[in-house]
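Have a look at the sequence and the model, then read on.

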Amino acid sequence: MSHPVIASPAFFIGKGNDDLISFGSGQPDLAPPPSAYKVLEHFKSFKYGLVQGEEPLREELAKEYPYAEAEDFVITNGASEAIDLALRAIAKDAPGSKVLLPRPYYYSYPHNVAFAWMIPVYTELEEGKLNFEHFKRDVEGCRAVLINSPSNPTGTVQEVDTLKKIEEYCEERGIYIISDEVYKDLIYVRENYLLHGKRVITINSFSKTYAMCGLRVGYLYSKDRDIIETAVEMKSHTSMNTSLVGQAMALAAMSERDSYVESHAKIWRERRDLMYKGMKALGLDLWEPEGAFYVLPKFKNPARAMHDLYYNHKIITYNGEWFGAPDRLRFSYALDVKKIEEGLRRVKDFLGKEYASY
Ligand SMILES: Cc1ncc(COP(=O)(O)O)c(C=O)c1O
């Protein structure tokens with residue numbers, strides 16, 4: 001019997017059993033902060049909530065950003081909805097505009113741009129890094145740029161100097177920066193640099209930092225009042241308020257923020273080291289992740305490798321082509337150490353068998 005072709009990440013999302021090693025979806029396997037669960041014992045709000053998001057949560061988020069106020073936030077169904085709203089709000093007065101995406105990119109971005117009736121254009125990353133000279137050339141004529149640092153799928157963190165130059169360059173030209181910072185707390189190399197400015201729209205979520213991706217709570221933050229008002233207006237006609245229980249759990253989780261993030265940093269670093277060194281030892285060509293939880297090694301015929309790894313070795317990986325990296329496979333290492341070790345053993349087996357004849 002021939003196997004179904006795997007055409008997009010949708011094939012894998014939500015899949016998992018004991019025998020399967022999923023290096024696919026980027027969902028942390030760790031438990032969320034315990035305070036989040038306690039909310040459920042007394043939770044009683046089952047009516048509609050504010051479309052913009054519950055005030056206590058927005059107030060708490062505002063404390064994380066200098067000069068921010070609760071009214072600068074919209075609480076969304078994960079970062080995914082925040083990206084969609086940000087792009088559609090930008091497109092409102094300028095449908096058909098160009099949006100610059102550094103490539104490789106998070107696989108949803110080109111779709112999100114197209115759904116907002118805009119056109120994705122690309123600037124090539126070099127070993128996962130932005131080249132400012134190329135950026136200036138490629139951003140010409142764009143209405144917005146989408147930056148994701150630390151990045152999915154490259155695992156790289158952009159240089160502070162480059163980010164500051166981009167910030168200044170875009171501000172002078174009125175180009176919007178959508179800064180997707182969902183991995184801002186998962187960084188191994190240095191303190192993060194968070195982009196800011198009049199036309200910056202910050203995207204974040206509770207999915208990665210607090211390991212709550214199924215709860216679907218994220219947000220967008222901007223000092224641009226038009227963007228906030230447009231996003232709230234659009235959301236009032238689409239998803240309305242974000243889940244109230246999700247928001248209450250997110251707020252509770254924030255009370256443990258520092259201790260939770262700090263205690264997990266060691267776990268992520270250990271996994272990063274295991275994955276990177278393990279793949280190097282297998283002879284794969286990849287760069288060392290500086291943040292997030294992904295590696296992007298080179299593979300011959302990645303589509304075939306992804307199929308063989310899944311159907312013959314019970315390993316989920318994502319085709320690099322979905323991320324604009326057609327010569328690579330993406331592996332997420334949001335898995336416990338034992339599973340990573342077993343996964344690496346299976347990859348070794350695959351390299352010595354099917355892959356040897358590619
Ligand atoms: C770069 C990036 N942005 C956004 C998202 C979506 O996150 P959320 O679960 O908050 O919708 C992901 C999820 O993997 C991601 O990697």
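## Helix α2 and its buried side

In this predicted model, helix α2 runs over residues 55-62, and L57, R58 and L61 are its buried residues. They cover an arc of only 95° around the axis, which puts them on the same side of α2.

What do these buried residues pack against? For α2, the partners are β2, β8 and α8 (244-254).

Helix α7 covers residues 225-237, 13 residues in total. At 1.5 Å a residue it should span 18 Å, and its end C-alpha atoms sit 19 Å apart, so the two values agree.

Which residues of α7 are buried? They are I227, I228, T230, A231 and K235. Looking down the axis of α7, you'd find these buried residues within an arc of 170°, so they line one face of the helix. The face turned away from that buried side carries the exposed residues R225, D226, S236 and H237. As for packing, the buried residues of α7 go up against β2 (73-76), α3, β7 (200-205) and β8 (218-222).

## G218, a glycine in strand β8

Strand β8 is where you'll find G218. Is G218 buried or exposed? It has 27 C-beta neighbours inside 10 Å, and 20 or more is enough to count as buried, so G218 is buried.

Leaving aside its neighbours within four places in sequence, G218 touches quite a list: T76, N77, G78, A79, E81, A82, N204, S205, F206 and S207. Then there's I83, which is 135 residues from G218 in sequence, with 9.9 Å between their C-alpha atoms.

## Around the ligand

The ligand has 13 residues around it, and G78, A79, S80, S205 and S207 come nearest. Helix α3 (residues 78-91) gives the most to this shell, with 3 residues. By type, the shell divides into 4 nonpolar, 8 polar and 1 charged.

Most residues other than glycine have a negative phi, and most peptide bonds are trans. Here are some places that go the other way.

Start with the loop between β5 (142-148) and α6 (160-173), where P150 lies. A cis peptide bond joins S149 and P150, with omega about -5°. P153 is also in the loop between β5 and α6, and the peptide bond from N152 to P153 is cis, with omega near 25°.

Next come two positive phi values. W117 has phi near 60° and sits in the loop between α4 (109-115) and β4 (119-124). With 14 other C-beta atoms within 10 Å, W117 is partly exposed. E127 has phi near 50°, in the loop between β4 and α5 (132-138). With 7 C-beta neighbours inside 10 Å, E127 counts as exposed.

## Stepping back to the whole chain

How many helices and strands does the chain have? There are 11 helices and 12 strands. Of its 358 residues, 45% count as buried. Take the contacts between residues at least 6 apart in sequence, and 71% of them join residues at least 24 apart.

The C-alpha atoms fill a box of roughly 55 × 55 × 40 Å along the principal axes. A compact globule of 358 residues would have a radius of gyration near 21 Å, and the chain has 20 Å, so it agrees with that expectation.

Notes: Residues numbered from 1 in each chain as written. Predicted model: local features only at pLDDT ≥ 70, side-chain atom pairs only at ≥ 80, totals over all residues. Near = placed C-beta within 6 Å. Helix = DSSP H or I, 4+ residues; strand = E, 2+ residues; numbered from the N terminus. Nonpolar A, V, L, I, M, F, W, Y, C, P; charged D, E, K, R; others polar. Expected span 1.5 Å × (residues − 1). Buried ≥ 20, exposed ≤ 12 C-beta atoms within 10 Å, placed from the backbone. Arc of directions from axis to C-beta. Contact = placed C-beta atoms within 7 Å. Rg over C-alpha atoms; globule rule 2.2 N^0.38 Å.
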